[in-house]
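Please look over the structure shown here before reading the briefing. The notes are grouped by topic.

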Amino acid sequence: MRKTTAVTETKSGFDAVLQSLEQSIRNGNLKARVDAAGLRAPEAAVAQSVNSIVDALTQPLAALDGVIADLSRGDAPEPIRQVWPGDLEATRKALNSFIDIAAMREADVAHLKEAAEEGRLETRFDISRYPGRTGQSLAAVNQVLDAILLPIAEGNRILAQISAGKIDE
């Protein structure tokens with residue numbers, strides 16, 4: 001009978017440990033783990049498994065945190081190369097797609113700047129390469145460039161006519 005009571009007390013104490021871990025994680029403490037020291041064999045094995053589950057979820061979250069922090073500072077993060085297991089892989093692929101679009105936009109801005117410096121003022125963003133709002137924003141940049149360059153082109157046309165001796169317009 002004493003054995004059953006001891007197991008119940010241990011189980012009850014172990015339940016409290018698990019509930020404490022649950023509460024810590026719900027409160028945002030993703031570094032919390034079950035301390036398996038002092039637990040008996042069955043509970044210690046469960047504690048190790050619980051810690052492994054928490055690690056399996058928090059490691060990708062840590063990688064996400066790093067990428068998001070880079071993006072928030074305006075830095076260009078490297079894509080996440082490590083394949084993530086199961087459902088997490090879709091998250092990794094979506095994040096890498098976002099990173100790729102940001103890198104492509106950065107390269108296209110550099111190309112647009114270079115073209116402008118070389119006098120190729122007709123160069124625009126190829127918005128067909130950009131989905132959603134990014135494409136809409138870059139289309140707006142193209143429209144701004146068109147609006148700025150329209151009066152310049154008209155001025156150039158008039159100057160060309162004047163230099164050709166045609167001043168009737």
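The model is a predicted one. Its largest nonpolar core has eight residues, and helix 2 gives the largest share of this core, three residues.

**The nonpolar core**

- The eight residues of the largest nonpolar core are Phe14, Leu21, Ala32, Val34, Ala36, Ala47, Val50 and Val54.
- At least two residues of this core come from helix 1 (2-26), and at least two come from helix 2.
- With residues up to four places away in sequence left out, Leu21 touches Ala32, Arg33, Val34, Val50 and Val54.

**Asn51 in helix 2**

- Helix 2 also holds Asn51.
- Asn51 counts as buried because its relative accessibility is 10%, and buried means under 20%.
- Beyond its neighbours within four places in sequence, Asn51 is in contact with Arg33 and Val34.
- Val34 is also one of the residues of the largest nonpolar core, and both Arg33 and Val34 are touched by Leu21.

**Helix 3**

- The buried residues of helix 3 are Glu89, Arg92, Leu95, Asn96, Ile99, Ile101, Ala102, Met104, Asp108, Leu112 and Ala115.
- These buried residues pack against helix 2 (41-72) and helix 4.
- Gly119 follows helix 3 and has a positive phi, near 85°.

**Asp108 in helix 3**

- Asp108 lies in helix 3.
- Its relative accessible area is 13%, so Asp108 is buried under the cut-off of 20%.
- Asp108 touches Phe125, Arg129 and Tyr130, when residues up to four places away in sequence are not counted.

- Leu159 is placed in helix 4, which runs over residues 132-163.
- Is Leu159 buried or exposed?
- Leu159 counts as exposed because its relative accessibility is 54%, and exposed means over 50%.

Notes. Residues numbered from 1 in each chain as written. Predicted model: local features only at pLDDT ≥ 70, side-chain atom pairs only at ≥ 80, totals over all residues. Heavy atoms only, no water. Helix = DSSP H or I, 4+ residues; strand = E, 2+ residues; numbered from the N terminus. Buried < 20%, exposed > 50% of the residue type's maximum accessible area, 1.4 Å probe, protein only. Contact = heavy atoms within 4.5 Å. Core = buried A, V, L, I, M, F, W, Y, C linked by side-chain atoms within 4.5 Å.
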